[in-house]
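This report describes a two-part topic: what the model contains, and how far it can be read. Please keep the sequence and the 3D view at hand while reading.

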Amino acid sequence: MDVYKAIRERRSSRLFKKEPIPQEELRVILDAGRWAPTGCNKQLFETILIEDLKLRRQVARLSNNQTYFYQAPVVLLMLYDESKELVPKGVAPDVPAISSGAFVQNMLLQAHALGIGSLVVSAITKKKKLRQLLNIPNCYEPMCFVFLGYPDEEVFPPPRREIDDFVHLNKFGNLITGRKRLGALYPNSPDPKKWTWEEYAEFKKRIIHYAGPTGIPEPVGLNSLTSSLIDIVSMRMNCRGIKKTLDLFPSEGLFLRSLAWRIDPDGDVQLFAVELSQETAEYVEHMFGKDGIRCQVEALKLSQNNDVAFPFEKESFDGVTCFFRLENVPNRLSILREVKSVLRDDGVIFVAFLNRLGAFDIIHRLISLNKPNNFNKRWHWLSGPWCAPPKKLVLKEIKQAGFQTVACYQFYDLPSLLRIGGASLLHSIGFGHLSEKASYSGFVKNTGLLPSIVLVEAQKKGDGRTV
Amino acid sequence: MGELSDPNEKIGLSLSALSDWFDTMRIRRGAYGGPVIHWWLCSFIYCGAGANWTYEGLIEAYLELHRKTRNDLWLKRASEAAEYLLSLQMPDGTYRNSFFELNPLQGSSSVHEASADLGLISLASYLESIGDHGGKYLDATLKNAERSLFQRLWDPTVGTFRSTDNILIKSSYVFNMMATVAQVFLRLYQSTQEAKYRKLVSSALSYILRYQRKSPHEILLGSFPQGLRDENAYALYNARILTFLLDAHKILGDEKALRAADLCGLFLKKLGRKGGGFAFFANREGKIYDYPNLVGGMAEVTRALLELRNFSTEHSSFDEKPHVQWLLGFQDSIGGFRTGAGFHYDVKKTDYKDVFHVCGWNDKIFRLLASLFQGHTLKEKIGTEMKETCWIEKTRATFIENDKQVIIQDPSEDQKIIYRWNKGENLGFVDDEYLKYFVRIAPAQSILGYNISDMIRSTVRV
């Protein structure tokens, strides 16, 4: 197989068939690994093949509870001997990581050439216990796990960063193209107003790239509350007889997919979506297609002066939905005006957003107090370029854009972590009997001063038509 | 139902009305929808059909009626339901929309998929027994069992089936769910004699038996807790485990399973109520809770004890009549059985959730009644519309159901529609003012005795 082709085609597999990998093929993969470059060609790598199922379970517990320990036919732990490095640690501290990385990448490519899927996981949370469990001498550093197996899913390549966006000339920040560098995976500012549309589009690409097909980088996930929200939207769309609908920036499509299953079982309703770039549009359309949902996804048109335009005919939609995206966009008003232009005269927009000073927003703010300019990745669903707007402001902007608010549904919720955390806390201080009551409704009743989530239904103001 | 002295006639009449009601709940051929009421979460707005446990009771009831009446209509109905299930099967073996109260959701729910499989296996073996071909239904089950249930749920480290893909959380080990999944493999073993299925079942059986309460509180003796995290023992879920244990005894000849079933039967009997029916659950201290009393669930308990009667001398005296009589009291003139009693915090009042008729509970009653039916013909339909006063918290309302609609309306002069589902449609309608009572709310507020419908605290019409 052509090397470049193998590099382009290889994807991380997260679902493996139970079918074992023949020993000969495993040896070929390990052989490819050992030919990788290592610091001073010392070849200080070792690897442990973990076969015992009970042992795998124990290892999983020490490694962030990864589920792949049970799925993958082959689990390898990569080790590197740091004590025998010729280059002093102070001079080149990352030699073990670089050498191991090269070793692993060779293996992954060779596995791919053999039709075998692979995944690298470096989450080893309890190294000391892992050493004890697997009798690993102290001089060896556990670097990562490599999971191998025949893939049980087709993985579509998520978008990649542009070369021109990461190659700097002479000094950091001087991109070879001479243009301004776009933000990193996480934004430099939590305020989307400080972003350009181009930066936001790039961020979305990376979010999809980061999360892959299994991650859910949404500010809120799909739980019973958000299911209710989609129930309400689908019910209202049904009441209004909406047949052609547009969703704004569905990303992985968690909410749009859920809506589609409610309103479009027989292909009665036409679904469209707009995404921020051609790459994300293609990705989203592909992901929907996999679930049997017909949805045409087009890319937003960005202009030089940071203006946006929808690639659709004027007054062509009956309804528009926007689930937790207004918090992200650099300019809400411009989007709402575009929405107005593509809606027919009595068309409706449904906007769901996180409210300022709702539970999610407060947590977001607390986190950003700690790291104002560099959001912690562990909280990615709460961070990113979103800034919960106050309900009043959104209602005002909706009006400014030429809509009349018909209904405003307000939801109270706490993130599940807080609910579970609250219950655990009560247990730990001896009030476990209260935890059931306090873990949900009690909190809602006592602290739900402001709604966490708001759903607005607004109608386009037509010429002389009644709402 | 009317006062009939012949119990068989009573059951025949009830079955007839119930099957007519099921006909009104079809969204399309073989697809049964409608609102879902569950003790922990309800789906009023989304009313589309899905692949869930409705089909185990429904298909088995239709087959039983065909066996007893030889009327081909019943076989046709069973086949249509099975065809619908097949139409939902995805390439990876899972069924779309297999979450019952959580539908529509991507992914699949172990217990609902497995229950649908049980319906398909019953149809396949019945067709074979009458000289017809049921291969495609068995194939669909094999595909689901191999690719979905085994691949996703089998945990080799402990030798049982998890209830979700989430491997490392304790709450993913739910005993009734693993029993139902194991029951699929047990029936597959019976059909195919594949030794590996037997191994899986034996291992899961041993795992489940390990958790049967042998010594503690007298009331809980013989019961199975809900899971590793929930120590409550629910009557319905224990009954489902009991059915699996009896199947294991019948098919594998396992004596331990029979002894465990015997003990479990004793626990269920302790939950029996004087006027018929059973309590909902006993908590880990042995305190018994009656409400909400799910009628379909109690039908499952009665059915399990009836089956046990055939195998155990200890339970040979079990009398199902008071329980059946109790069940029949919940059948409305439209033909469907209401969900239950006691959803309202004032149990003397009929809650709006009590009175809904749900396919995924009525199938359990349908199956029980069909198994008890002795006659050869069924009576004609008896009712076309029902009206009942119910309560939405402190508001009195009128529940109306007919062939075309389910409606809850304000009984005052303006007769405002509070809730409406046009049968055959995917979505119901709720008036904004009452929305908070009809959205999905996760925790089990009913049994905890308080209401959390405050989640949508205000709905503002601007």
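## Terms and basis

In what follows, Ala, Val, Leu, Ile, Met, Phe, Trp, Tyr, Cys and Pro count as nonpolar, Asp, Glu, Lys and Arg as charged, and the others, Gly among them, as polar. The model is predicted; local features need pLDDT of at least 70, side-chain atom pairs count only at pLDDT 80 or more, and totals for chains, interfaces and linings use all residues. Residues are numbered from 1 along each chain as its sequence is written, chains are lettered from A and ligands numbered from 1 in the order in which they are written, and side-chain values use heavy atoms, with hydrogens and water left out.

## The second largest pocket

A pocket is an open set of points on a 1 Å grid over the protein atoms alone, with protein on both sides within 12 Å along at least five of seven lines; a cavity is a set of points where a 1.4 Å probe fits but cannot get out, and lining residues have an atom within 4 Å of a point. Grid points are joined across faces, edges and corners, and a volume is the space filled by probe spheres set on the points.

The second largest pocket holds about 680 Å³ of space. It is lined by 26 residues, of which B:Glu60, B:Glu64, B:Arg187, B:Arg303 and B:Glu307 are the closest to its centre. Two or more lining residues come from each of α2 (54-69), α4 (110-129), α6 (175-192), α8 (235-252), α10 (295-309) and α13 (359-372) of chain B; helices (H or I, at least four residues) and strands (E, at least two) are DSSP runs, numbered from the N terminus. By class, the lining of this pocket has ten charged, nine polar and seven nonpolar residues.

## Cavities

The count of cavities of 30 Å³ or more is six. The volume of the second largest cavity is about 120 Å³. Its lining has 18 residues, and those closest to the centre are B:Gly33, B:Gly34, B:Val36, B:Gly48 and B:Asn52. No charged residues are found in the lining of the second largest cavity, which has nine nonpolar and nine polar residues.

## The two chains

Chain A has 15 helices and 13 strands, while chain B has 14 helices and 15 strands. Of the 467 residues of chain A, 54% are buried, where buried means under 20% relative accessible area, exposed over 50%, and partly exposed in between (1.4 Å probe, protein chains only). In chain B, 64% of the 462 residues are buried.

A contact means heavy atoms within 4.5 Å. Among contacts in chain A with a separation of 6 or more, 80% are between residues 24 or more positions apart. For chain B, 64% of the contacts between residues at least 6 apart in sequence join residues at least 24 apart.

## A sheet in chain B

Strands β5, β6 and β7 of chain B form an open antiparallel sheet in the order β5-β6-β7. β5 (233-234) and β7 of chain B stand at the edges with a single partner strand each, so one side of each has no neighbour in the sheet. Two strands pair if DSSP finds at least two bridges between them. β5(B) and β6 (residues 281-282) of chain B pair over two bridges in the antiparallel sense, and B:Ala233 stands opposite B:Ala282 in β6(B).

## Backbone exceptions

Most residues other than glycine have a negative phi, and most peptide bonds are trans. A:Phe249 is not a glycine, yet has a positive phi of about 50°. A:Phe249 lies in the loop between β5 (244-248) and α9 (254-263) of chain A and is buried, with a relative accessible area of 1%. B:Asn97 also has a positive phi, near 55°. The loop that holds B:Asn97 runs between α3 (72-88) and α4 of chain B, and B:Asn97 is buried at a relative accessible area of 9%.

The peptide bond between B:Tyr291 and B:Pro292 is cis, with omega about -5°. B:Pro292 is in the loop between β7 (288-289) and β8 (293-294) of chain B.

## Confidence in chain A

pLDDT is the predictor's confidence in each residue, from 0 to 100. Its average in chain A is 79, and 75% of the residues score at least 70. Among the elements of chain A, helix α2 (residues 23-34) has the highest mean pLDDT (96) and helix α15 (residues 432-447) the lowest (40). Over residues 211-220 of chain A the pLDDT is below 50. Where pLDDT is low, the predicted coordinates should not be read in detail.
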